[in-house]
Amino acid sequence: MRRIADVGAAVIGTGFIGTVHVEALRRIGVQVRGVLGSTPDRGATRAEALGVPRAYTSLDELLADPSVQVVHVTSPNDLHVAQTKAILSAGRHVVCEKPLAMTAAGSAELVELAAGSGLVNATNFNIRYYPLNQQARETVAGGTLGDVRMVTGRYFQDWLLLESDWNWRLQPDRGGALRAVGDIGSHWLDLMTYLTGQRIVEVMADLTTFIPSRQEPAGPVESFSTDRSGDTVSRPIATEDTASVLLRFDGGARGAVSVSQISPGRKNSLQYEIDGSEAALAWDSEQPDQAWIGHRDRPNEILIRNPALMGPAGQAASALPGGHVEGFFDTFCAHFRAVYADVVAGASSSRPGYPTFVDGHDEMLVGEAIAESARSGRWVTVDRSADPAHSSEGVVR
Ligand SMILES: NC(=O)c1ccc[n+]([C@@H]2O[C@H](COP(=O)([O-])OP(=O)(O)OC[C@H]3O[C@@H](n4cnc5c(N)ncnc54)[C@H](O)[C@@H]3O)[C@@H](O)[C@H]2O)c1
């Protein structure tokens, strides 16, 4: 059996999150052989800045490199399906960013192809891997909260607040028909399914585009960039700035989530509260090292992340002792450690503990129900009638 230090990886996309993938892979001991940028020049510049040995000039060149066993897809959403198909067809394991595809038809194709290949496939729902979320899943599964009744929360950001804010995510042909829901709501919806062990079966959604036109800069823009100099062109906007969605889960829980990319002051705030018949649990990604546990008949508790006070899953995701704050970057390391255990073993395990393409596809199905509900103004059932039968631990069936 190989060791993790023998595994070679390549990363497609060298923007905000591609950089995080490269650095997290290095931290867990994987050899990053090279990167693929949008152009050979851009790839070369980023490879130099990241200290990566090689900048591939095309996906074909990357896939011809025999030292690469795993490829990470961190390009814009419209490229995920075609690139991932090519990677699987070339016999390489793959970690793809969320949302897995532009449509559920696209993600279904990837589920089928991955299942037939036996290759390791992961969707990067990294938020599951905050140690306190790993702990929360064990807490809910262990029955400490009692029966889960209410699942509520939000995911708010402010980086698209202004008419002058621009990114490829605003274009439906690059980001998908859903924007705030697909981009960040997808994390919240996946996380609640993972933590509760209940699938979302019905939705009632209200989507709003508060900023009907925006100024697109003439040149490319990095995600979260605030440079507003230079010429712009006015573009109509068809994707939602905000969403509010009522949810029904298959285990009987009810829920509600609001999603926004235009909430002043909220940089990256994913919050949830899970109310059970015995206790409640709440968490906020902007204070990720503490969780609130609510009680009726005794004082409420704050659990500070501390491997000494958590169960095995929380301990496994923790790299540092309590009081030494862990955050966003660390979730990538914990997620990749779980994925690369299968890579080292040579194939996907029968019930992977990490989020696979099955989970990425399920979130696409929920997203399509949300879009349909917003269009029709009524409750919509998530259509899993053509759902591939394969499952991972993230979705309890
Ligand atoms: N899991 C998370 O927390 C998280 C966070 C941010 C983004 N994402 C996802 O990661 C993906 C990228 O988002 P981002 O914020 O890094 O965007 P970004 O715009 O910062 O980076 C995208 C990169 O892809 C490159 N690219 C474009 N076309 C390419 C091509 N044909 N081949 C190779 N590279 C190409 C661009 O040059 C750019 O460097 C999206 O799918 C997004 O949803 C996930």
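Residues are numbered from 1 along each chain as its sequence is written, and side-chain values use heavy atoms, with hydrogens and water left out. Because the model is predicted, local features are reported only at pLDDT of at least 70 and side-chain atom pairs only at pLDDT 80 or more, whereas totals for chains, interfaces and linings use all residues.

The chain comprises eleven helices and 17 strands, where helices (H or I, at least four residues) and strands (E, at least two) are DSSP runs numbered from the N terminus. The radius of gyration of the chain is 20 Å, which agrees with the value near 21 Å that a compact globule of 397 residues would have; this radius is taken over C-alpha atoms, and the globule rule is 2.2 Å times the number of residues to the power 0.38. Along the principal axes, the C-alpha atoms fill a box of roughly 60 × 55 × 45 Å. Of the 397 residues, 55% count as buried, a class defined as under 20% relative accessible area, with exposed meaning over 50% and partly exposed in between (1.4 Å probe, protein chains only). The accessible surface amounts to about 16100 Å², of which 52% belongs to carbon and sulfur atoms, as given by the Shrake-Rupley method with a 1.4 Å probe, with only the protein chains shown counting as cover for residues. Among contacts (heavy atoms within 4.5 Å) between residues at least 6 apart in sequence, 71% join residues at least 24 apart. The chain carries 35 positive and 47 negative side chains, and the centres of the two sets lie 2 Å apart; Lys and Arg count as positive and Asp and Glu as negative, while His and the chain ends are not counted, and the place of a charge is taken as NZ of Lys, CZ of Arg, CG of Asp or CD of Glu.

In soluble globular proteins, nonpolar side chains tend to be buried together. A nonpolar core is here a set of buried Ala, Val, Leu, Ile, Met, Phe, Trp, Tyr and Cys residues joined through side-chain atoms within 4.5 Å. The largest such core holds 48 residues, of which Trp188, Leu189, Leu247 and Tyr272 touch the most other members. Helix H8 (residues 180-196) gives the most to this core, with nine residues. Apart from this core lies another, of 30 residues, which includes Ile17, Val35, Ala47 and Leu50.

Tyr272 is placed in strand S13 (residues 269-276) and counts as buried because its relative accessibility is 3%. When residues up to four places away in sequence are not counted, the contacts of Tyr272 include Trp188, Leu191, Met192 and Leu195, together with Asn133, Thr152 and Trp283. Tyr272 and Glu202, 70 residues apart in sequence, are separated by 19 Å from C-alpha to C-alpha. Thr193 is found in helix H8 and, at 8% relative accessibility, also counts as buried; its C-alpha atom lies 10.0 Å from that of Val151, across 42 residues in sequence.

Several loop positions were also examined. Pro99 is in the loop between strand S5 (93-96) and helix H5 (104-117), and the peptide bond from Lys98 to Pro99 is cis, with omega near -20 degrees, although most peptide bonds are trans. Gly146, in the loop between helix H6 (131-141) and strand S7 (148-156), counts as partly exposed at 22% relative accessibility. Beyond residues up to four places away in sequence, Gly146 touches Ser277 and Glu278. Asp289 occupies the loop between strand S14 (280-284) and strand S15 (290-294) and, at 10% relative accessibility, counts as buried. Leaving aside neighbours within four places in sequence, Asp289 is in contact with Leu132, Leu303, Ile304, Arg305, His324, Val325 and Glu326, whereas Asp289 and Gly346, 57 residues apart in sequence, are 34 Å apart in space, C-alpha to C-alpha.
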